[in-house]
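Me: Hi! I have a new structure to look at, and I would like to learn how to read it. Could you walk me through it?

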Amino acid sequence: MICYRLRCAHDHVFEGWYKDSSTFAMLRQKNLLSCPSCGTSSVDQAPMAPAIVGRASERLPQSDPAPTPDMAAPRAPAAGHIPPGLPDAMLSALRDVRRTIEENCENVGNRFADEALRIHYGEAPERGIYGEMSQTQREELEEEGVAFHNVPWVRDTES
C-alpha cells in the first residue's frame with residue numbers, strides 16, 4: 001500500500017491510500033478520485049515529506065521543521081487520545097460507503113474472485129461488483145493484476 005497526500009482544486013488537503021502508484025495514476029487519469037470535503041474530482045498530489053525508516057541504532061533525533069503552508073493538514077491525534085465523536089463519525093462514513101456500494105454495485109457473494117477475473121479478461125460486462133473471497137483467491141487476483149479494494153463492512157444500522 002502507498003499513501004499519498006492529496007489536494008483538491010479548492011485547496012482541501014487529505015490522504016489517499018492505494019495499492020501502488022500505477023493504481024493511483026489510473027484512478028487519477030479516469031477522474032475517479034474525489035475530495036472528501038467538497039466532492040470535486042480535480043485532485044492532485046500535494047508535496048509531502050518522505051518517511052525514512054532504518055534500524056533503531058541508526059535513527060536520528062527528529063526536530064520539528066518550521067511550519068509551512070503545506071503543513072496545514074491536521075495531524076493525527078496523540079497515541080491513546082481519540083477525539084470525541086470520531087468513532088461515531090467514522091462508523092457513519094463507513095455506513096454511507098456501504099449504502100453507496102449496495103446501491104451501485106452487484107453483490108456476487110462468494111463468486112467475487114471468479115466474476116472479477118471474468119470482468120478483467122472481458123468475458124463478462126464491466127461493472128461494479130462486491131462480495132467475498134478467500135486469501136488464496138485474493139492472491140490469485142493480485143497475481144493476475146486485477147484491481148480490487150477491501151472495504152470495512154460495518155452493519156448498516158445498530159441493532
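Reply: Gladly! Start with confidence, as this is a predicted model. Residues 53-77 have pLDDT under 50, and the model gives them twelve contacts beyond four places in sequence.

Me: How should I treat a stretch with low pLDDT?

Reply: Where pLDDT is low, the predicted coordinates should not be read in detail. For the protein as a whole, pLDDT averages 76, and 73% of the residues score at least 70.

Me: Which residues make up the largest nonpolar core?

Reply: To read a core, look for buried nonpolar residues joined through their side chains. Here the largest one has eleven residues, including Val108, Phe112, Leu141, Val146 and Phe148. Helix 3 gives this core its largest share, five residues. There is also a second, separate core of ten residues, with Phe14, Leu27, Leu33 and Cys35 among them.

Me: What covers the buried residues of helix 3?

Reply: First find the buried residues themselves: in helix 3 (residues 112-120) they are Phe112, Ala113, Glu115, Ala116, Leu117 and Ile119. Their cover includes strand 4 (106-109), strand 5 (129-131) and helix 4 (135-144). Just after helix 3 comes Gly122, with a positive phi of about 75°.

Me: And is Asn110 buried or exposed?

Reply: Compare its relative accessibility with the cut-off: exposed means over 50%. Asn110 has 60%, so it counts as exposed. Asn110 sits in the loop between strand 4 and helix 3.

Me: Which residues does Asn110 touch, leaving out those up to four places away in sequence?

Reply: Those are Glu132 and Gln137. Asn110 and Glu132 are 22 residues apart in sequence, yet 4.9 Å apart in space, C-alpha to C-alpha.

Key. Residues numbered from 1 in each chain as written. Predicted model: local features only at pLDDT ≥ 70, side-chain atom pairs only at ≥ 80, totals over all residues. Heavy atoms only, no water. Buried < 20%, exposed > 50% of the residue type's maximum accessible area, 1.4 Å probe, protein only. Helix = DSSP H or I, 4+ residues; strand = E, 2+ residues; numbered from the N terminus. Contact = heavy atoms within 4.5 Å. pLDDT = per-residue confidence, 0-100. Core = buried A, V, L, I, M, F, W, Y, C linked by side-chain atoms within 4.5 Å.
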